[in-house]
Amino acid sequence: MSSKFSRSVVLGAALFAAAALGACRDSGGDQLFAISGKLFEFNYRLGIATYVITLNPLKPVGEGQVAVVNFQNPAGGDPIIVNQKIWPKLPHITLTSPPLTCVVKDKPYAVSIRIEDSSGALLQSFETTLTSSLDQSVLPDRPLVIGPVYELNKDMVGHVDGKLPGEPKPDCSKAA
């Protein structure tokens, strides 16, 4: 009987300790969102590279919230700014840049994100970097497929490596 009692006491103490530790963990305080994923997406079929960042809501999302994202422009020059409405009922928010040029392997690129309310007031901000594991040169010179049903691009017939002789390359002279 005493061994059952001591097991119950030990189990009860362990459950109490687990509950106490769970109550003490940091729940993010004032944070509304957390970055749950970030990557460079290289779409070989379309011949484009983009930034993709995923945010998970930590608290209920308010009506009219907007994510304002400043992506460092790999080609140099002004940052690429994307304003995206945040829909309250979605389980996560995916922030995507327009197509990029001059992405270099192993180079960190800066990204800043501002979460604003409907009046433009700052609710939360993030600073992060993304580093590509690939170089832009792996992409074909033009999309391999076109149209809504991914028809083969006739310009690419006979160019299995995706490279066209004499095709102009992007100007990367301003890239930092």
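How many of the ten residues of strand β2 (residues 48–57) are buried? Select that strand to find out: seven of the ten are buried, which leaves β2 mostly covered. Buried here stands for under 20% relative accessible area, exposed for over 50%, and partly exposed for anything in between, with a 1.4 Å probe and protein chains only.

Before going on, a word about what is on screen. This is a predicted model, in which local features need pLDDT of at least 70 and side-chain atom pairs count only at pLDDT 80 or more, while totals for chains, interfaces and linings use all residues. Residues are numbered from 1 along each chain as its sequence is written, and side-chain values use heavy atoms, without hydrogens and water.

**The whole chain**

Zoom out and colour by secondary structure. Helices (H or I, at least four residues) and strands (E, at least two) are DSSP runs, numbered from the N terminus. The chain has 176 residues, and 28% of them count as buried.

**Strand β2 and its partners**

Now select β1 (residues 33–43) together with β2. The two run antiparallel and are joined by ten bridges; strands count as paired if DSSP finds at least two bridges between them. Pick Gly37 and look across to its bridge partner in β2, Thr54. Then move to the turn of this hairpin, where four residues lie between β1 and β2, and Gly47 has a positive phi of about 70°.

**After β9**

Go on to the segment after β9 (151–152), where you will find Val157. Is Val157 buried or exposed? Val157 is exposed, with a relative accessible area of 63%. Draw a C-alpha to C-alpha distance from Val157 to Leu144: the two are 8.9 Å apart in space and 13 residues apart in sequence.

**The largest pocket**

For the last stop, select Gln136, Leu139, Pro140, Asp141 and Pro170, which lie nearest the centre of the largest pocket among its 21 lining residues. The volume of this pocket is about 320 Å³. Colour the lining by class and you will see twelve nonpolar, four polar and five charged residues.

*Pocket terms:* on a 1 Å grid over the protein atoms alone, a pocket is an open set of points where a 1.4 Å probe fits, with protein on both sides within 12 Å along at least five of seven lines; lining residues have an atom within 4 Å of a point.

Technical notes
Points joined across faces, edges and corners; volume = space filled by probe spheres on them. Nonpolar A, V, L, I, M, F, W, Y, C, P; charged D, E, K, R; others polar.
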